[in-house]
Amino acid sequence: MKRAGPTDTGCPVLRSLKHVGEAWSILILRDALAGATRFDEFQRNLGIAPNILTSRLKSLVESGLLEKRRYCERPPRDEYHLTQRGRDFRPVVQALLAWGNRHLAPEGESVVIVNTETGEQAEPVMIDRRSGKPLSDPIFTNAAGPAASERMRRRYPTMNQFPQHGEADR
């Protein structure tokens, strides 16, 4: 009997992985974020077997990360364009790129992120929009959100267990 994988407990990480947790899917999204739209572009860039590419593209369309647009009727040909959900995946790809360069590239960086206005190499860091502080700062932790299941509430503290806005200043 084949296992279906972890049970969906409402965990956003698990839910994300169910849509993009397969290497080919992330690589297809990486290439789409770089401008690729056509089957032959993805196949050429990735060296992926056509049946696997077809399956992954179908899955990404079903997950709402890509949308199919017909560009030729005879023979029928489609392009694959990022949806807003797919475009919102950009920081995830950039974080993977930066992490891979930092920890898994003993030969050096093979791809970098560059500011097109200055030509300078970017140094990606995730920050909290409200405070401007990097999320790697130990002041940040995970907490059970408003829709958390009982299982999640047992695993993580709830937001009301932390000082509310302004309370820490008193």
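The crossing of helices α3 and α4 is right-handed in this predicted model. The contact between these two helices is built from F39, F42 and Q43 on the α3 side and from P50, L53, T54 and L57 on the α4 side. Sorted by class, the residues of this α3 and α4 contact are five nonpolar and two polar, with no charged residues among them. The axes of α3, which spans residues 39-46, and of α4 come within 11 Å and cross at roughly 120°, and α3 is therefore oblique to α4.

**Helix pairs**

The table sets out the geometry of the helix pairs discussed in this report.

| Helix pair | Angle between axes | Axis separation |
|---|---|---|
| α2 and α4 | about 75° | 10 Å |
| α3 and α4 | roughly 120° | within 11 Å |
| α2 and α3 | roughly 115° | within 10 Å |

Helix α2 covers residues 23-33 and packs against helix α4, which covers residues 50-62. With an angle of about 75° between them, α2 and α4 are therefore roughly perpendicular to each other. On the α2 side of this contact stand W24, S25, I28 and L29, and they meet I52, L53, R56, L57 and L60 of α4. By class, the contact of α2 with α4 comprises seven nonpolar residues, one polar residue and one charged residue.

Helix α2 also packs against α3, and the axes of these two helices cross at roughly 115°, which makes α2 roughly perpendicular to α3. The crossing of α2 and α3 is right-handed. Here W24, L27, I28, R30, D31 and A32 of α2 meet F42, N45 and L46 of α3, and the residues of this contact divide into six nonpolar, one polar and two charged.

S25 has its place in helix α2, and at 0% relative accessibility S25 counts as buried. Leaving aside neighbours within four places in sequence, S25 is in contact with H19, V20, R56 and L60.

E22 lies in the loop between α1, residues 12-20, and α2. At 29% relative accessibility, E22 counts as partly exposed. Although E22 and R56 are 34 residues apart in sequence, their C-alpha atoms are 8.9 Å apart in space.

**The strand pair**

Strand β2, which runs over residues 77-82, is mostly covered, with five of its six residues buried.

Note on methods
Residues numbered from 1 in each chain as written. Predicted model: local features only at pLDDT ≥ 70, side-chain atom pairs only at ≥ 80, totals over all residues. Heavy atoms only, no water. Axes fitted to C-alpha atoms, helices over the stretch in contact; angles between N-to-C directions. Helix = DSSP H or I, 4+ residues; strand = E, 2+ residues; numbered from the N terminus. Parallel < 35°, antiparallel > 145°, perpendicular 65-115°, else oblique. Contact = heavy atoms within 4.5 Å. Nonpolar A, V, L, I, M, F, W, Y, C, P; charged D, E, K, R; others polar. Left-handed = near helix turned anticlockwise from the far one by under 90°. Buried < 20%, exposed > 50% of the residue type's maximum accessible area, 1.4 Å probe, protein only.
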